[in-house]
Amino acid sequence: MNKKNTLSRRRFLKSTGLMGAGAMLPLGRSRAGVILRGLIPDEEIIPGISYWLNSTCAECSAGCGVKVRVREGNAVKIEGNEQHPINHGGLCARGQSALQALYSPARIRSPLLRNNEGQLAAVSWFDAMDKLGARLRVSSGRNAGKVAILTRHVTGSLKALLDSQTSSLPRLKVISHELTDYAAMSAANKLCFGIEGIPTYSLDRVRSIVSFGADLFETWLSPVSNAYGFAEARHVVDGMPWRLIQFESHLSLTGANADERYCCPPGAETLIVLAIAHEMLKNSAMPPEQAEKWRRALQSFSMERAARASGVSVDTLMGVANRLRNQTPSLAVAGGPTCRSKYGTVIQIGVNLINIAAGNYGKTLSFERFEHAPVGTHRQLTDLVEEMEAGRVEALIVHDTNPEFAFPEPERWRAAVKRVPLTVQLAPVRDSASESYDIILPIHHWLERWDLVEPRSGLHCVQQPTIAPWCDSVHPGEAFLQIMNALMEKRPEPNGHYEEFLRGQWNKIRGGESANVEFDDFWQEVLASGGYWERPTARNVQLDARAADAIPSVELAFPEPGTITALPITTIRYGDGRQTGRPWLHEMPDPITTLVWDTPLLISPETAKKWKCRSGDMVRIECGGDTITVPAYVQPGTSDAVAAMPLGVPSNAYAQYHYAADSHLLHRLAGHIDTSSGSISWVGAPVEFKGVVGRVRLARLQGHNSQKGRGIAQTTAISETGQSEQHPAEEAIVEADLYPKHEHPVHDWGMVIDLSRCIGCGACAVACQAENNIYVVGRKQCLNGRELSWLRIERFIDRGRIVFLPMLCQHCEHAPCETVCPVYAALHSSEGLNQQIYNRCVGTRYCANNCPYKVRRFNWFTYKVDPPLERQFNPDVSIRTRGIMEKCTFCVQRIREHKEIAKVEGRALRDGEVVPACAQSCPTHAITFGDLNDGTSEVATRFSDPRGYTIFSELNTQPSIVYLRRECLADGTGTESV
Amino acid sequence: MKNLAVYGMVIAWFAAVALAVIAFGLMQKPTLRPAQPVEFPHRIHAGDLGMQCTDCHLYAEKSIYAGLPGAELCMSCHEAVATDKPEVIKLTELYQTGKSVEWVRVYQSKPHVYFSHRRHVLSNVKCQECHGPVELMTTAQQVTDMGMGWCVQCHRRRGAPRECVTCHK
């Protein structure tokens, strides 16, 4: 805690932040002044005050807008930016965990160079670049080989830089690669409309959505945006309830939230999509000769055939087609692992056809903006590997991606890398492949740098440094520029530094619609809002009937009935597997399995019966010509035809837990390629069971699914016409009381959680962990039931429907914990808070034993974090040590902060001003917090919602949290099997 | 005689233990007036010259921290003023070598306590009410233990909130 003004954040930034070690690079030169300035002038930065800086998340390609809280030169919290058109204020768990990469102990501290003994040793930037330059120049003759840059998905300024270089340097080959690419969608759109790109989806306008395997809320395109749209659309009351219909092979979070869910074997969705498309052609407004062409291409895809393959009845499929046609605007989407098959493009063509027939273009999806910039395909990566194997690649530069993990044949990749004379890695954090490179150059984390990114075309988002880079790193753009310098005889364009180039890029954007605004004013506005939103360009789509030729007329080859297919899946916890070194994510329970730390093989109860195994058995399976041993987990809702395993088993050097580090199903694919798009098929490798070889305890947080009739998570049925079921009001229990009633003269804090909006994504749980300095206890302690998370997502079944319920301290008016504390460490505040005073607590644990909600957490040990992760700690919250009970405080530090601000400004607290971390991060805005004394506040209004109920009201605890029953369609089906 | 020797030894033992305990206690006791890198006379600045506390403790009205001045701030006056004084020469040397003045903390609030200077200053609590007559001191001396009882008696007297979470974080 630094009280000296001599160490302000800006001073750091001024001297080192923007450039990092750039000045030390060869060809670097000193710069006069700072090119890009922050919003708050240096001299106005005050220690002890929180500053929120807008930036853009780079944890996946979605590019959500974030604001980062900075205190005393440390970034301590990431939250969603409310003004941002993509995420509208929410932020997923993976995005929030970026702080743990920023302060990761595995950050690369300085350039590393392979020395004569073959070891990577720390060197100065000058030596590293000198060596790199020398090696590149040696190979720069007439017959010089290629220099390949393999980069993660880059947009905006970095992309412009790389594009400008490739045009002037024929030797240079740039490939961007993402494991979860959407190549099939691009390819299908190219065939159907001549537009090579991915449209943006507006789920908030949808009345019925049919998803063929797309994991909308986990990873699909823009999960936070999807979740927000989903919640908004559900709450439009127009007499016709919203409906999500999901066809999938494993139980995804999206499937768990679907109103109708159909479990079908992989491959069946191809037939279903084409059959529904065929059906919808019948009375579409398409020109007759075009419709005829499509009908001919689709004639073999009948409802009966789809029903036979999927096990879903013809009536149901007809119903789905009718709903798409009549409950408009509707939307069909396809994605997820099973749609990454060799018929991926065909599926997407079918989906396009459905959306055209239902007239959805321009309503629920449009090409006004493109989602994601184009990414290279698997085929391009394979071409690169072939060139590497042939010795035609002179140098390989890998930027912030781990091809050893993302390429399906890691052995082949490793062998190919050995054939390249010079391999360079640009990365902020070490990964499992780092050991195989010759030179490792540390780059700024995205929270340490200025940049311009464009996650959707026309949305120019800013990234700005929030802390001074603490490693000897440079901006990746600067590193690229220096590498280009080494490659070229003459100085490349742009000459100078990346930051100047970046300013030029921003200036270009200003030049469009706001050319008459001064750059400084424009820049202030960009920083204040998080970016500059260009007006969308209207693009009409015209279906090209030639796309029908891409639909194969031959019999499609699917896995034999009865075989079990390996299926790597993406989950909300680990996404595509890149965020594997983050303790918060390990300890965040997977919403479906409620497992922490573990990512076992998910099998159906039927498969378990066949294999004679239970959850927690270590099973040996043969898959893709390889035998692996993995723990099995019986997950109802999984198709009998798949054995699914989440991507992202901790493989990072920092992960403490390695049992299955090399057993990714992703590395055991069958190797089928979708010829139209060039992406690899994720399905098709058969799994053969070889026996149970042992047992392992899986760290599962929730013991069972049954509520034992206690009505913890409740639902309310709504009919087809939007009528909702009536629930009797809870009767207040009036009894003689031993204690006087609590008075709340000023504020009475309360919370309303709308279970209809909650999708169980767990963003709130991670936000709570980050805000309140909650330690990660590790797998072993989780197995002992000693987890510390203050907020957990409970997953229950009510009337056959999965209901997710965030469980946190209920701040009871009649709190059972308060009356048993012998030292008054737990006591009620005049504002209705159930306070826990840490330094008064002696650790009797009586309170936890007496709490019916099981939300009090005990510190069995003094836990530690690996430095410098402690820089993330919130200075406004105590660090707890061994022997102390802790629990949710309703983010009392935020209440205090805003009361203070209001007092200084001489006004009363405004409704919605105090937002706890959980409510802030929620992508669907399911949590409302506020003052119940203020009758006009949102929370007070919703407190008396007819859907509301309190948990365990029969115990007369009088909680301050009201849950609103989850609305379920009376005729909904699907998830009751879980 | 033998008894006397035994008694003597016992008494000497206890005395030695008692002395050791006292000595240990004295060693543990925080210095009320820690030595500072520069012997800063509050008496001259805040007393004789009548400067405001916030002239140097820049953030007392704005932040939870009052803030300690860096050498740069000192030099904004002492470039020209009292340049012949030995302590100012020391300060100038520090400044010219680019070092910061490593002020030693006099008051250290407990890590579980939320304390905001701004709130107290804006509520018209005089600096001296907690920090003593600073204008009479040279380098600052601790005058109160800033324990909970001490805080609470003032909060009670002034009718300030006494909710646990007002101060406990």
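This is a predicted model: local features need pLDDT of at least 70, side-chain atom pairs count only at pLDDT 80 or more; totals for chains, interfaces and linings use all residues.

**Exercise 1. Give the strand order of the open sheet of three strands in chain A, and say which strands stand at the edges.**

Solution. 
Step 1. The order is β1-β2-β3 in chain A, and the pairing is antiparallel.
Step 2. At the edges stand β1 (51-56) and β3 (74-80) of chain A; because each has a single partner strand, one side of each is without a neighbour in the sheet.
Step 3. From one strand to the next, the twist averages 30°.
Step 4. Between β1(A) and strand β2 (residues 65-71) of chain A there are six bridges, and the two strands run antiparallel.
Step 5. One residue of this pairing is Y51(A), which stands opposite V70(A) in β2(A).
Step 6. As background, the strands of a sheet pair through backbone hydrogen bonds, in either a parallel or an antiparallel sense.

**Exercise 2. How many bridges join β27(A) to strand β20 of chain A, and how many join β27(A) to strand β22 of chain A?**

Solution. 
Step 1. Strand β27 of chain A spans residues 686-695, and two bridges join it to strand β20 (residues 564-569) of chain A. These strands run antiparallel.
Step 2. In that pairing, I564(A) stands opposite V687(A) of β27(A).
Step 3. Strand β22 (residues 617-623) of chain A is joined to β27(A) by seven bridges, again running antiparallel.
Step 4. Here D617(A) has R695(A) in β27(A) as its bridge partner.

**Exercise 3. Does the radius of gyration of chain A agree or disagree with that of a compact globule, and what is the result for chain B?**

Solution. 
Step 1. Chain A contains 28 helices and 39 strands, whereas chain B has eight helices and zero strands.
Step 2. For the 978 residues of chain A, a compact globule would have a radius of gyration near 30 Å; the value for chain A is 28 Å, which agrees.
Step 3. For the 169 residues of chain B, the globule rule gives 15 Å. The radius of gyration of chain B is 22 Å, well over that figure, so chain B is more spread out than a compact globule.
Step 4. The boxes along the principal axes are roughly 95 × 75 × 65 Å for the C-alpha atoms of chain A and about 75 × 50 × 30 Å for the C-alpha trace of chain B.
Step 5. Burial is counted next, with a residue taken as buried if 20 or more other C-beta atoms lie within 10 Å of its own. Buried residues make up 58% of chain A and 17% of chain B.
Step 6. Consider contacts between residues at least 6 apart in sequence. Those joining residues at least 24 apart account for 76% in chain A and 64% in chain B.

**Exercise 4. Compare the UniProt features of chain B with the model, then describe the side of chain B that touches chain A.**

Solution. 
Step 1. An unreviewed UniProt entry places a "transmembrane region" at residues 6-27 of chain B. In the model this stretch is 100% helix and 0% strand, with its end C-alpha atoms 31 Å apart.
Step 2. UniProt also lists, in an unreviewed entry, "domain: Cytochrome c7-like" for residues 113-169 of chain B. That stretch is 46% helix and 0% strand, and its end C-alpha atoms lie 6 Å apart.
Step 3. The contact between the chains takes 22 residues from chain B and 25 residues from chain A.
Step 4. On the chain B side, the elements giving two or more residues are α5 (117-122) and α8 (164-167) of chain B.
Step 5. By class, this side has ten nonpolar, seven polar and five charged residues.

Technical notes: Residues are numbered from 1 along each chain as its sequence is written. Chains are lettered from A and ligands numbered from 1 in the order in which they are written. Helices (H or I, at least four residues) and strands (E, at least two) are DSSP runs, numbered from the N terminus. The radius of gyration is taken over C-alpha atoms; the globule rule is 2.2 Å times the number of residues to the power 0.38. A residue is buried if 20 or more other C-beta atoms lie within 10 Å of its own, exposed if 12 or fewer, and partly exposed in between; C-beta atoms are placed from the backbone. Two residues are in contact if their C-beta atoms, placed from the backbone, lie within 7 Å. Two strands pair if DSSP finds at least two bridges between them. Axes are lines fitted to C-alpha atoms, for helices over the stretch in contact, and angles run from 0 to 180 degrees between N-to-C directions. Ala, Val, Leu, Ile, Met, Phe, Trp, Tyr, Cys and Pro count as nonpolar, Asp, Glu, Lys and Arg as charged, and the others, Gly among them, as polar. UniProt positions are given in the numbering used here, feature names are shortened, and annotations may be inferred rather than shown by experiment.
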